[in-house]
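The following note sets out a few numbered points for a colleague who is reviewing this structure. Please read each point alongside the sequence and the coordinates.

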Amino acid sequence: MSRRGDSALLKIEKLEVVYHNVSTAVQGVSLEVMENEIVALLGTNGAGKTTTLRAISGFLGIDDAKITDGFIEFKGHRINGKPPSVTTKRGIVLVPEHDKVFDNMTVEENLELVIASSNMDPKHKNEMTDVIYTYFPVLIKLRKRLAGYLSGGERQMLTLSAALLCRPGLLLVDELSLGLAPIVVRDLMNVIKGIRDNQGVAILLVEQNAVAALEVADYGYVIESGRIVYSGDSEKLKSHDDIQEFYLGSGDSESRKSYRNVKQYRRTRRWYG
Ligand SMILES: Nc1ncnc2c1ncn2[C@@H]1O[C@H](COP(=O)(O)OP(=O)(O)O)[C@@H](O)[C@H]1O
Ligand SMILES: [Mg+2]
């Protein structure tokens, strides 16, 4: 099952997550993120991507979700059911889909708030602020702007900046590309790669946009209805026929069939034809 022995930074084994004690959203997911690796978790709406990130980061309670089976290990320690305060201290930082920044505060104030709540020493504060403005020079110009007036791409930059200030060992990024123009997405993905290359951070990148994610990821998993249906090196995933057709194709979600249905379809065709 294990890709590269027991050296995984994050190791999830047969994870099951249930909402409201009745609805199983994640059913037996196993995945690994190695040190310094970018891993893509790909899937359409409702596949179980956000739920998986909630389980890792500990943000389960507010949604009345529970881990009912399996385990999660970070740096060899079990973190199942640990609250966000604990997972964050250990270096796991979640960049959520929504509610990431305070609209009525400026860019600078948003960043200062993170610094203030992280009891970081002043030396690191300046260091990290410099690092952030190197990745996102446009934020220097926008320092005094209210976050509520930022464009979608700028908002994501601020969100990533806030996450970086927490000095993550593992960054969990939920749908960075959602609603953004392709060129903005490409720039953000390049920064993701830069962050991995320079900050020694491993990144679990949750995306519906498989094209963008596989451009920077080393390894990928495809999740459907709470189950991993395919995994492999990015190159292998990119060249896989079914994934080509249904995740890297037209991107037209209306006409996009289920990955499992496709496999079924292919199998049937092979059988009869
Ligand atoms: N707060 C919640 N309460 C109940 N069910 C939920 C909740 N959040 C998500 N779900 C359900 O869990 C499944 C997986 O959702 P989610 O993890 O958000 O998928 P994704 O992030 O891949 O779009 C879906 O069927 C969704 O309806
Ligand atoms: Mg989601």
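1. Helices (H or I, at least four residues) and strands (E, at least two) are DSSP runs numbered from the N terminus.

2. This is a predicted model, in which local features need pLDDT of at least 70 and side-chain atom pairs count only at pLDDT 80 or more, while totals for chains, interfaces and linings use all residues. Residues are numbered from 1 along each chain as its sequence is written, chains are lettered from A and ligands numbered from 1 in the order in which they are written, and side-chain values use heavy atoms, with hydrogens and water left out.

3. Strand 1 also runs antiparallel to strand 2 (residues 23-33), again through eight bridges. Val-17 stands opposite Val-26 of strand 2. The hairpin of these two strands has three residues between them, and His-20 there takes a positive phi near 50°.

4. Is strand 1 buried or exposed? Eight of the 10 residues of strand 1 (residues 10-19) are buried, so the strand is largely enclosed by the rest of the structure. Buried means under 20% relative accessible area, exposed over 50%, and partly exposed in between (1.4 Å probe, protein chains only).

5. Ligand 1 is surrounded by 13 residues, the closest being Gly-46, Gly-48, Lys-49, Thr-50 and Thr-51; a residue is near if one of its heavy atoms lies within 4 Å. Helix 1 (residues 49-57) supplies the largest share of this shell, four residues.

6. Oxygen atoms of ligand 1 lie 3.0 Å from a polar backbone atom of Gly-48 and 2.8 Å from an N or O atom in the side chain of Thr-50. A nitrogen atom of ligand 1 is 3.1 Å from an N or O atom in the side chain of Asp-63.

7. The magnesium ion (ligand 2) has Thr-50 (OG1) and Glu-97 (OE) as protein donors, 2.0 to 2.8 Å away. Donors are N, O and S atoms within 2.8 Å of the metal (3.2 Å for Na, K and Ca); water is not among the atoms, so sites may look incomplete. Thr-50 belongs to helix 1, whereas Glu-97, 47 residues apart from it, lies in the loop between strand 6 (92-95) and helix 3 (107-117). Glu-97 is partly exposed, with a relative accessible area of 25%.

Definitions and conventions
A polar contact is a pair of N or O atoms within 3.5 Å; within protein, one must be able to donate a hydrogen and the other to accept it, and residues adjacent in sequence count only if both atoms are side-chain atoms. Two strands pair if DSSP finds at least two bridges between them.
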